[in-house]
Amino acid sequence: MSLAMRDPDSLHRFLFERYPIRGHLVRLDASWRALLERRDYPPAIRDTLGEAVAASALLAATLKFDGTLSLQLQGQGPLYLLVAQCTNDLAVRGVARYREAVDSRDLSVLSGKGQLSVTVEGQDLPQRYQGVVPLAGPRLAECLQAYFDQSEQLPTRLWLHAEEAGAYGMLLQRLPVSAMEQGNGAPSPRTPPSPEEIDDAWRRVQLLGDTLKPEELATLSERTILRRLFPEDDVRLFEPAPVFFRCRCSRERVINMLRALGSDDLRALLAERGKVEVRCDFCNRAYEFDAVDVEHFLSPQATSGSERRH
Ligand SMILES: [Zn+2]
């Protein structure tokens, strides 16, 4: 059965042989549940975060970069901050902060007409790209579609679904014709498609994508999804890449953040509680510092990098 062929926590790339159209399918299982560990999100907020994490992986997969892609929603609404991130090697993390549980899945309602943005940051480079994603529809996939439609990027469509057990998504992207001419193998004996044929194919695959049901995205194997959606097309499915949960927090990063607080505040905190404890927003890991630790990293000799590692 097709179910046996499912690869958990994976990203599959696929390519339409006849047209300059490619796609990605992502599924997050254990990685999504690790991200949710020790969190108690209301379902609507949890699933909104899940869709954002799946989308961040799909968008990261379309880019050639070395760094982190972030989707961030910020506003005054009940869900006042949501961050979903994926690195170039498909490590995901994410967090949502909310004032109260809400039932809506409408991003404008959740965030109080907030702002949605996509950011790409290089690992050690100052260069940074940020784009504003219009809240053009209730759900993230619709907002991202509007974003791609109005920006100078490749035409791109996404379908997203998240639930407690997993987060899933599919992306289709129309490539420049030149991408096809470079080819991936032997030249095709068929005549290349005309621009009109490519336009038609792009319209058609989007309509077919719209017939994909959330439960199909969640339960069917990648091969079955592609066969079911595009039975008339020759679609090449590539070997999957693993997707996993990983946080980039470290004791050193926390120390740098604490230094910025200033020595007076830190010593006051120590006097009151005997130690300083910081929890990572993304992974909930606790970092503890006693008086000796604090004095050590506050001393002028302490330079970043020389801290003892946990
Ligand atoms: Zn962390």
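This is a guided tour of one predicted protein model, stop by stop.

**Before you start**

Residues are numbered from 1 along each chain as its sequence is written. Because the model is predicted, local features need pLDDT of at least 70, side-chain atom pairs count only at pLDDT 80 or more, and totals for chains, interfaces and linings use all residues.

**Stop 1: the whole protein**

The C-alpha trace spans about 75 × 45 × 40 Å along its principal axes. The protein has 11 helices and 14 strands. Helices (H or I, at least four residues) and strands (E, at least two) are DSSP runs, numbered from the N terminus.

Buried residues make up 32% of the 310 residues. A residue is buried if 20 or more other C-beta atoms lie within 10 Å of its own, exposed if 12 or fewer, and partly exposed in between; the C-beta atoms are placed from the backbone.

Now think about contacts. Two residues are in contact if their C-beta atoms, placed from the backbone, lie within 7 Å. Of the contacts with a separation of 6 or more, 64% are between residues 24 or more positions apart.

**Stop 2: the open sheet**

Select strands S7, S6, S3, S4, S5 and S12. In that order, these six strands form an open sheet with mixed pairing. Two strands pair if DSSP finds at least two bridges between them. Which are the edge strands? They are S7 and S12 (244–245), and each pairs on one side only.

Zoom in on S4 (residues 79–87) and S5 (residues 91–98). These two run antiparallel, joined by seven bridges. Pick Leu 82: its bridge partner in S5 is Ala 96.

Axes are lines fitted to C-alpha atoms, for helices over the stretch in contact, and angles run from 0 to 180 degrees between N-to-C directions.

**Stop 3: two loop residues with positive phi**

Select Leu 90, in the loop between S4 and S5. Leu 90 is not a glycine, yet has a positive phi of about 70°. Is Leu 90 buried or exposed? It counts as buried, because 21 C-beta neighbours lie inside 10 Å.

Next, select Lys 113, in the loop between H3 and S6. Phi of Lys 113 is also positive, near 50°, in a residue other than glycine. With 12 C-beta neighbours inside 10 Å, Lys 113 counts as exposed.

**Stop 4: Val 243**

Move to Val 243, in the loop between S11 (241–242) and S12. Val 243 has 28 C-beta neighbours inside 10 Å, so it counts as buried. Leave aside its neighbours within four places in sequence. Val 243 is then in contact with Asp 9, Ser 10, Leu 11, Val 26, Leu 28, Ser 31, Ala 57, Leu 90 and Val 92.

**Stop 5: helix H4 and its cover**

Select H4 (residues 140–150). Which of its residues are buried? They are Leu 140, Ala 141, Cys 143, Leu 144 and Gln 145. Their cover includes helices H2 (43–62) and H3 (107–111). It also includes strands S6 (115–122), S7 (128–133) and S8 (156–162).

**Stop 6: Leu 207**

Go to helix H6 (residues 195–210) and pick Leu 207. Leu 207 is exposed, because 9 other C-beta atoms lie within 10 Å. From C-alpha to C-alpha, Leu 207 and Leu 229 are 9.6 Å apart in space, and they are 22 residues apart in sequence.

**Stop 7: a helix pair and a hairpin**

Select H10 (residues 263–273) and H11 (residues 291–298). Their axes come within 11 Å and cross at roughly 170°. H10 and H11 are therefore roughly antiparallel to each other. Angles under 35 degrees count as roughly parallel, over 145 as roughly antiparallel, 65 to 115 as roughly perpendicular and the rest as oblique.

Show the side chains. Ser 263, Leu 266 and Leu 270 in H10 meet Ala 291, Val 294 and Leu 298 in H11.

Then select S13 (residues 276–279) and S14 (residues 286–289). They run antiparallel, joined by four bridges. Glu 277 stands opposite Glu 288 in S14. The hairpin has six residues between the strands, and Asn 284 takes a positive phi near 70° there.

**Last stop: confidence**

Colour the model by pLDDT, the predictor's confidence in each residue, from 0 to 100. The average is 90, and 90% of the residues score at least 70. Over residues 304–310, pLDDT is below 50. Beyond near neighbours in sequence, that stretch has eight contacts in the model. Where pLDDT is low, the predicted coordinates should not be read in detail.
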